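Visitor: Could you walk me through this structure? I would like to begin with the ligand shell and go on from there.

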Amino acid sequence: MADRVIIDTDTATDDTLGILLAVLSDRVDVEALTIGAGNVAFDRQVENAKYTLQLADIAEKIPVYEGARTPLVKEHDHATEIHGEGGLGPALVPETDVPSAEGFAPEYIVEAAREYPGEITLVCLAPLTNVALALEREPQLGDLLADVVVMGGNVHTPGNVTPAAEFNFWVDPDAAKIVLDELDVTLVDWGLTLRDGTLDTAAEDQIVDAAADSRFAAFYETIFQPDSEGVEEDSRWEGTAQPDALATAVAVAPELIAERGTYAVDVDEREGLTRGVTVTDTNGITDRDPRTDVIEAVDTDGFRQLLVETLVSGDADRSIE
Ligand code: BDR
Ligand code: CA
C-alpha cells in the first residue's frame with residue numbers, strides 16, 4: 001500500500017516541483033495540500049498549488065486546504081525577490097477556478113491523522129505555522145503521524161534570508177521551535193540543499209531540451225526562466241537549488257538518503273540578529289533529548305535523475321524502480 005502524504009506548502013517555484021514529485025509517483029498517495037503563509041501573497045500560493053495539481057490532471061482528486069495566513073507571532077515578510085511577485089515567475093499568474101476544500105488546514109491535518117493513525121507522513125515545505133496550530137489542537141499529533149519531513153533550517157551553514165537563518169524557520173521561528181520540540185522530525189536543511197539538492201547545468205539542459213514534448217518540463221522552463229538580459233543564450237541555465245523537491249524526495253524515495261544523524265535541534269525565536277537560527281547539538285553538549293533526524297547526505301545523482309525524469313517523462317517512479 002502506498003504511504004499517505006499531506007504536503008504543507010507555501011506554493012511558489014520550488015514547492016511546485018515537490019508537489020509534482022509526489023503526485024506523479026505511485027509510491028505515495030497525496031491526501032491533500034495544505035497552504036500556509038510563506039513565499040508570496042497567500043491567495044497566489046493557493047492558486048499556484050491548484051494550478052500545479054491541474055498540470056498533473058489531479059486537481060479534482062486532491063483537495064487544497066487553506067491554513068494560516070500569518071505566522072504565529074511575527075510580522076510576515078514574503079520572498080518575492082526570490083520567487084517573483086506571484087511565485088511562478090512573471091509569465092504565469094494562474095486563475096484556476098478550482099474551489100478550496102472546506103475547513104481550516106490545521107484542523108484538517110488533525111482529522112486526517114486521527115482517521116489514519118500511523119499512516120500519514122507530513123511533508124512540510126513551508127514555514128511551520130499550520131503544523132504548530134495542528135499541535136495546539138492535538139498534542140498527541142506525533143503519535144498519530146508516520147513521519148514529519150521538514151524542509152527548513154540551516155545546520156552549520158549560513159542562512160539564505162539572513163546570515164543566521166533559513167527562510168522557513170525565519171518566517172515563523174516560534175512555530176519551528178514548537179514543532180522541533182514536540183515532534184520527531186526528519187530535517188532537510190538549507191545546507192543539505194546546497195550540497196546535494198541542486199540541479200546543475202547538465203540536468204537543466206535535459207529538462208529544457210524536453211520542454212517541447214513535456215508539459216512538466218515546459219512548466220520548469222517557464223517558472224525558472226533566468227533573467228536573460230545581457231546573458232548569452234547558451235549560458236542562461238546555470239543551475240537551481242531545489243530544497244522542496246529534495247525534502248519530498250526524502251519522503252518518496254528514502255533510499256536516496258546516504259547519511260543521517262539524530263540530534264537535539266533548537267531554533268531561536270527571539271527578534272534580532274539570530275532570529276530563526278538553527279542550533280544543532282551535534283556534540284551532545286546540552287541535556288535536550290536528541291530527536292531530530294538530520295539528513296546529512298543524499299545521493300545527488302539519484303536525486304537529479306529522479307527530478308529530471310519526473311519532469312521529462314511525467315513518471316516519478318521511472319528512475320527509482
Ligand atoms: C525554503 O524557503 C522557500 O522560499 C522555499 O520554497 C523553500 O521552502 C528554502 O529556504
Ligand atoms: Ca516552500
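Guide: Gladly! The shell residues around ligand 1 divide into four nonpolar, four polar and four charged, where Ala, Val, Leu, Ile, Met, Phe, Trp, Tyr, Cys and Pro count as nonpolar, Asp, Glu, Lys and Arg as charged, and the others, Gly among them, as polar. This is a predicted model, in which local features need pLDDT of at least 70 and side-chain atom pairs pLDDT 80 or more, while totals for chains, interfaces and linings use all residues. Residues are numbered from 1 along each chain as written, chains are lettered from A and ligands numbered from 1 in written order, and side-chain values use heavy atoms, without hydrogens and water.

Visitor: An oxygen atom of ligand 1 is 2.7 Å from a side-chain N or O atom of which residue?

Guide: Polar contacts are pairs of N or O atoms within 3.5 Å; within protein, one must be able to donate a hydrogen and the other to accept it, and residues adjacent in sequence count only if both atoms are side-chain atoms. The 2.7 Å pair belongs to aspartate 244.

Visitor: How much of the accessible area of ligand 1 does the protein cover?

Guide: Accessible areas come from the Shrake-Rupley method with a 1.4 Å probe. On its own, ligand 1 has 280 Å², and the protein covers 95%.

Visitor: Which residues are the protein donors of the calcium ion (ligand 2)?

Guide: Donors are N, O and S atoms within 2.8 Å of the metal, or 3.2 Å for Na, K and Ca; water is not among the atoms, so sites may look incomplete. Here they lie 2.2 to 2.6 Å from the ion.

Visitor: Are aspartate 10 and aspartate 244 buried or exposed?

Guide: Buried means under 20% relative accessible area and exposed over 50%, with partly exposed in between (1.4 Å probe, protein chains only). Aspartate 10 and aspartate 244 are both buried.

Visitor: Why is strand E5 (residues 145-151) largely enclosed by the rest of the structure?

Guide: Helices (H or I, at least four residues) and strands (E, at least two) are DSSP runs, numbered from the N terminus, and two strands pair if DSSP finds at least two bridges between them. E5 runs parallel to strand E4 (residues 120-124), with five bridges, and parallel to strand E6 (residues 185-188), with four. E5 is largely enclosed because, of its seven residues, the number buried is five.
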